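Please work through each one with the model in view before reading its solution.

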Amino acid sequence: MPSETLQSIAQKLVANYKGLLAADESVPTATKRLESIGLESTEETRRQYRNLFLTTEGIENYISGVILFEETLGQSDSHGTPFVELLQQKGIIPGIKVDKGAVEKNDYPGEKFTEGLDGLAKRFQEYYALGARFSKWRAIITIGDSLPTDHCIEENAKSLASYAALAQAAGIVPVIEPEVLITGDHDIKRSEEVTTQTVKTTFDELKKNNVDLSATILKTSMVISGDKCPTQATSEEIGAATVRFLKNSVPDDVPGVVFLSGGQTGVQATENLNAVHKFNPGPWQVSFSYARALQGDPLKVWAGQAANIPAAQTEFIKRMKGVHAANQGQYTAEMEN
Ligand code: 5MM
């Protein structure tokens, strides 16, 4: 009998007010990030980018698991320690992004369908052997005129459910991420409707596929105004709407819900997480799984210069301290100083 079960791993991912670092940018996304600081994207510069975050001293005080990209799973830190081993030494659970990205289909303009199920069972065996104990699959839902279609929500929910079933069969905890994009001029009410429908449909499909919900983590968008909406909701409104959506959509046996930042700044994603906690979400643990909101500011400080690494890591610690405090409803603006 293994000491760690799927349930215990899922619970550990959201325990003690810690959360996930989404360091799983695919090559095109990592390239965009690196080019934004004037750095060419190569296997080595992407390794340096990961190295900056994963070697930060004290990361384990705030981060329970790191979602890695396949390339990083096989890479090592600057002293030659494999990243997976480094994380394990710190008590951080290594995870892996397993989807192969989202594509458009002719009949559904403006919508995307995530791919990656072919050969996934075999890939899961390889990822397990390399140390991954949880995984992530992202679906993308777009809000717009007559969007999203029910078809897009349903097809993506089916893929998420097939993925989750395969993950659990391989001994890996699935993080399911149906992301409702922040882009658009929709208001917070529309965001709540679409996010609720998307997550409800996803859990319906998970149940049909006999996915064990007690060993599944939901990664979701917050309920938030579209980035081009003329009336932007306040943090308090975001907190209230997000907790209402969760209570209407997430089954009680799910151990944890984590948020993506989705284009919010580091400070916004921290303030809004704090606001969510003011509305007593539950019975699940509620935390973060941020990429840009944790890494964006340190990336700018680093600027690809070795001399800037300590300052960038200090910035990273500040962001992690903020979200850790927000998970307890204790984040304050003074923490930015
Ligand atoms: C929505 O993206 C996820 C969370 O990141 P943010 O906090 O920045 O919104 C993230 O895990 C994302 O899935 C990865 O960065 C990978 O993205 P791509 O598009 O490269 O697969």
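**Exercise 1.** Determine how α9 and α10 are oriented to each other.

*Solution.* The two helices, α9 and α10, are oblique to each other, a class for angles that are not under 35 degrees (roughly parallel), over 145 (roughly antiparallel) or 65 to 115 (roughly perpendicular). Helix α9 (residues 235-249) packs with α10 at about 55°, and their axes lie 8 Å apart; axes are lines fitted to C-alpha atoms over the stretch in contact, with angles from 0 to 180 degrees between N-to-C directions. From α9, the contact (heavy atoms within 4.5 Å) involves S235, E236, I238, G239, T242 and V243, and from α10 it involves E271, N272, A275 and V276.

The model is predicted: local features need pLDDT of at least 70 and side-chain atom pairs 80 or more, whereas totals for chains, interfaces and linings use all residues. Residues are numbered from 1 along each chain as its sequence is written, and side-chain values use heavy atoms, without hydrogens and water.

**Exercise 2.** Which elements do the buried residues of α12 pack against?

*Solution.* Helix α12 covers residues 309-326. Its buried residues (under 20% relative accessible area, 1.4 Å probe, protein chains only) include F316, I317, M320 and V323. The buried residues of α12 pack against β1 (19-23), α3 (43-54), β2 (63-68), α10 (266-278), β10 (285-290) and α11 (292-302).

**Exercise 3.** Is G38 buried or exposed?

*Solution.* G38 lies in the loop between α2 (27-35) and α3. Its relative accessibility is 68%, so G38 counts as exposed, a term for values over 50%.

Note on methods. Helices (H or I, at least four residues) and strands (E, at least two) are DSSP runs, numbered from the N terminus. The expected span of a helix is 1.5 Å times one less than its number of residues.
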